[in-house]
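Please read the points below alongside the sequence and the coordinates. They cover the domains, the chain contact and a few side-chain pairs.

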Amino acid sequence: MKLAGWGRYPARDCVVTTPRTAEELAATLAKGPAVARGNGRAYGDSALNEENTISTRHLNRMIRFDETSGVLEAEAGVLLGDVIDAYLPRGWFPSVTPGTKFVTLGGMAAADVHGKNHHVDGGFGNFVDWIDVMGPDGVVVRASRDDNADLFDWTIGGMGLTGVILRLGLRLRRVETGWIEQRTIAAPNLDAAMEAFETHHNAPYSVAWIDCLSTGASLGRSLIMLGDHAPLAGLPNKFRQVPFGPPPAQKRKVPFNAPSFALNRFTVKAFNALYYHMGARKTGTDYVPWDTYFYPLDSILGWNKIYGRRGFVQFQCVLPDGHARAGLEALLMRISDAGQGSFLAVLKKLATDTHKFSFPMAGYTLALDFPVSEKVLSLMTELDSITLDHGGRFYLAKDARMTDTTLRASDPRAEAFAAMRVETGAAGAFASLQSARLKL
Amino acid sequence: MSSGAILVLGGRSDIGLAIAKVYAREGHAVQLAARNVFDLEAEKADIALRYGVEVGLHEFDALDVESHEAFVTSLPALPETVVCAVGALGVQEESEQDHAEARIIMRSNFEGPVNILAILANAFEERGSGVIIGISSVAGDRGRATNYIYGAGKAGFTAYLAGMRNRLATKGVHVLTVKPGFVATRMTDGMDLPEKLTTDADTLARAVFKAAKRRRNEVYIKSIWWLVMLIIRNIPEFIFKKLKI
């Protein structure tokens with residue numbers, strides 16, 4: 001079956017098995033090195049293995065929920081959206097969510113995804129109490145901070161390369177409503193944007209859309225969106241009737257691949273300018289439904305087709321606090337010089353890492369996507385070196401093209417990760433196109 | 001909205017489970033019926049956790065037709081809706097040589113489903129309400145060399161459902177015939193299905209729920225199948241018999 005990540009690059013013919021039980025999973029693992037795949041939302045080749053890709057989409061049952069602690073036990077293939085569907089009406093919300101709800105719980109743990117609250121709460125792994133992991137021998141081991149702590153620590157953020165996550169215990173958070181009190185701040189340039197993040201470091205959620213084609217004095221102009229779960233008492237009357245928000249909007253669908261000329265520096269530049277000025281006019285506080293706030297793109301199914309048949313690549317790095325300002329400026333200047341605009345450029349402050357191989361570190365992360373082309377791929381290599389010069393590292397869930405040399409230069413933990421894989425036997429049992437490319 | 005229970009015959013199948021979930025989501029209690037039903041405890045917990053509805057497990061063997069009356073009596077309540085997702089695909093070449101195997105396939109797709117639905121239909125008729133959903137197949141629309149043993153069973157099932165619909169139309173009982181084409185399920189795992197003609201159990205389940213609500217009589221899942229089967233049914237036999245489709 002032709003498979004790709006969300007960026008649709010690279011696409012490969014892969015043998016896919018969809019086990020329904022632990023026994024079927026063990027039998028599939030016995031056939032040779034494999035990687036587990038959730039809902040295919042990693043952008044690159046993290047969940048591709050041409051000989052043996054294991055879909056967890058049929059290992060998707062909820063097992064138990066504790067109404068007092070908010071701990072949900074579920075199989076790895078359960079979708080985050082299904083958790084929200086089931087538990088938001090009862091007053092619970094995921095403690096950490098990425099920008100789409102179409103991800104599996106197992107995939108979220110494997111990538112140790114972060115959300116708009118990372119600067120306060122840390123990543124997804126912080127809210128995972130335990131995981132059941134099937135190792136190279138097909139034996140299932142429960143790992144937590146107390147038992148098999150090393151396995152737990154390497155597996156959260158381990159990109160499926162330490163074993164297959166079968167089940168996990170996940171702490172949800174109490175919310176009174178499904179509404180988000182949102183405040184938008186217009187920042188005319190990079191300094192203003194970073195200052196806004198520092199000033200509002202206590203805001204539970206914060207993220208910035210950044211115009212990566214603006215230049216000169218407007219370099220890095222951004223709209224910073226702060227948010228918090230609105231308490232019931234604070235809601236305007238008309239929303240109090242529907243405390244958990246209206247049902248998610250009718251989904252629109254991108255019906256076909258956009259032609260490659262649809263996105264170019266002029267259309268993106270025009271879009272960005274319009275978006276910034278519209279946003280800047282609407283600054284202030286308002287109430288938005290959870291679906292709109294956290295998952296604006298989920299309402300357009302298949303938005304990844306907007307980049308056309310060749311697909312797109314994501315670039316996401318994090319730069320440590322001390323070097324972030326200079327690094328971001330260098331990255332943004334290089335991008336606007338190249339004229340390679342991106343609709344979805346996102347800037348966000350992150351807290352320090354909590355797991356052995358997780359992506360985040362205390363600093364700023366910048367994420368952008370570009371339609372695939374020769375020019376873009378060489379631009380990305382340049383962005384790699386700017387990131388390295390400023391002590392940054394890269395998010396494997398987004399990566400499709402980095403070299404192993406770049407990874408090792410950016411992240412001394414990679415060597416230890418690879419050594420651990422050899423020592424535990426994981427190296428011979430779990431592999432993805434990405435792990436082969438990065439020699440992990 | 002009515003929140004009467006839905007009884008799912010073939011409660012282990014991907015299609016049966018998916019339909020159970022769609023109804024549960026709308027607030028209907030679920031009765032899952034299957035052989036060795038005790039090992040559906042995980043599915044029971046999953047549906048109850050997701051949708052907060054009552055879920056019961058009921059031992060049911062479609063081929064043990066003598067047990068069907070007792071099975072219906074043993075249910076905690078007569079369901080509002082029954083969906084029959086019982087069936088067996090088999091392997092055509094094997095069932096051509098192994099007649100015992102062929103009998104099992106025909107009985108699984110026809111005799112078992114028809115026998116249990118006959119009992120429920122009478123109970124629904126007496127009550128004056130109810131919905132009967134039969135999962136048949138496009139394979140029942142015309143016999144083809146590649147799957148006519150399965151297809152014959154489904155053809156019989158389709159005809160039976162049509163007759164029952166005719167009989168019960170004025171009695172407050174609605175009968176819906178569902179004719180899926182290719183569905184990616186456990187039954188078709190490992191088969192190379194054409195993407196444009198293939199659906200998945202969740203999409204099918206949503207379509208079935210909608211069709212039942214709108215009191216549709218017969219639905220193809222993925223409307224392209226309506227066209228495909230219209231063409232297949234209308235090819236003259238002297239040509240059709242020489243085709244490989």
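1. Domain bounds here come from an automatic or database domain assignment. On that basis chain A is split into domain 1 (59-176) and domain 2 (179-401), and the C-alpha centres of domain 1 of chain A and domain 2 of chain A are 24 Å apart. The contact, meaning heavy atoms within 4.5 Å, involves 35 residues from domain 1 of chain A and 36 residues from domain 2 of chain A.

2. A note on conventions. This is a predicted model, in which local features need pLDDT of at least 70 and side-chain atom pairs count only at pLDDT 80 or more, while totals for chains, interfaces and linings use all residues. Residues are numbered from 1 along each chain as its sequence is written, chains are lettered from A and ligands numbered from 1 in the order in which they are written, and side-chain values use heavy atoms, with hydrogens and water left out.

3. Buried area is the accessible area (1.4 Å probe) that two parts lose on being put together, summed over both. Between domain 1 of chain A and domain 2 of chain A this comes to about 3,200 Å², with carbon and sulfur atoms giving 61%. K116(A), H119(A) and E176(A) account for 24% of the area that domain 1 of chain A buries against domain 2 of chain A, more than any other three residues.

4. A salt bridge is a side-chain nitrogen of Lys or Arg within 4 Å of a carboxyl oxygen of Asp or Glu. Three salt bridges are counted between domain 1 of chain A and domain 2 of chain A. D291(A) forms a salt bridge with K101(A), with 3.0 Å between the closest N and O atoms. There are also 16 residue pairs in polar contact between domain 1 of chain A and domain 2 of chain A (both at pLDDT 80 or more). A polar contact is a pair of N or O atoms within 3.5 Å; within protein, one must be able to donate a hydrogen and the other to accept it, and residues adjacent in sequence count only if both atoms are side-chain atoms.

5. Which elements form the side of domain 1 of chain A that touches domain 2 of chain A, each with at least two residues? They are α2 (80-87), α4 (118-121) and α5 (149-155) of chain A, and α5(A) gives the most, with four residues. Helices (H or I, at least four residues) and strands (E, at least two) are DSSP runs, numbered from the N terminus.

6. The contact between chain B and chain A takes 13 residues from chain B and 16 residues from chain A. The area buried between chain B and chain A is about 1,100 Å², and carbon and sulfur atoms give 38% of it. On the chain B side, L49(B), R50(B) and R186(B) lose the most area to chain A, together 54% of what that side buries.

7. Four salt bridges are found across the interface of chain B and chain A. One pair is D82(A) with R50(B), whose closest N and O atoms are 2.9 Å apart. Seven residue pairs are in polar contact between chain B and chain A (both at pLDDT 80 or more). On the side of chain B that touches chain A, α1 (14-25) and α2 (41-51) of chain B each give two or more residues, and α2(B) gives the most, with seven residues.

8. R393(A) is in strand β21 (residues 393-394) of chain A. Is R393(A) buried or exposed? R393(A) counts as buried because its relative accessibility is 9%; buried means under 20% relative accessible area, exposed over 50%, partly exposed in between (1.4 Å probe, protein chains only). The side chain of R393(A) reaches the backbone oxygen of P360(A) at 2.7 Å.

9. R173(A) and D121(A) meet through their side chains in a salt bridge (3.0 Å, N to O). R173(A) lies in strand β11 (residues 164-174) of chain A and D121(A) in helix α4 of chain A, so this pair ties together parts that are 52 residues apart in sequence. R173(A) is partly exposed at 22% relative accessibility, as is D121(A) at 23%.
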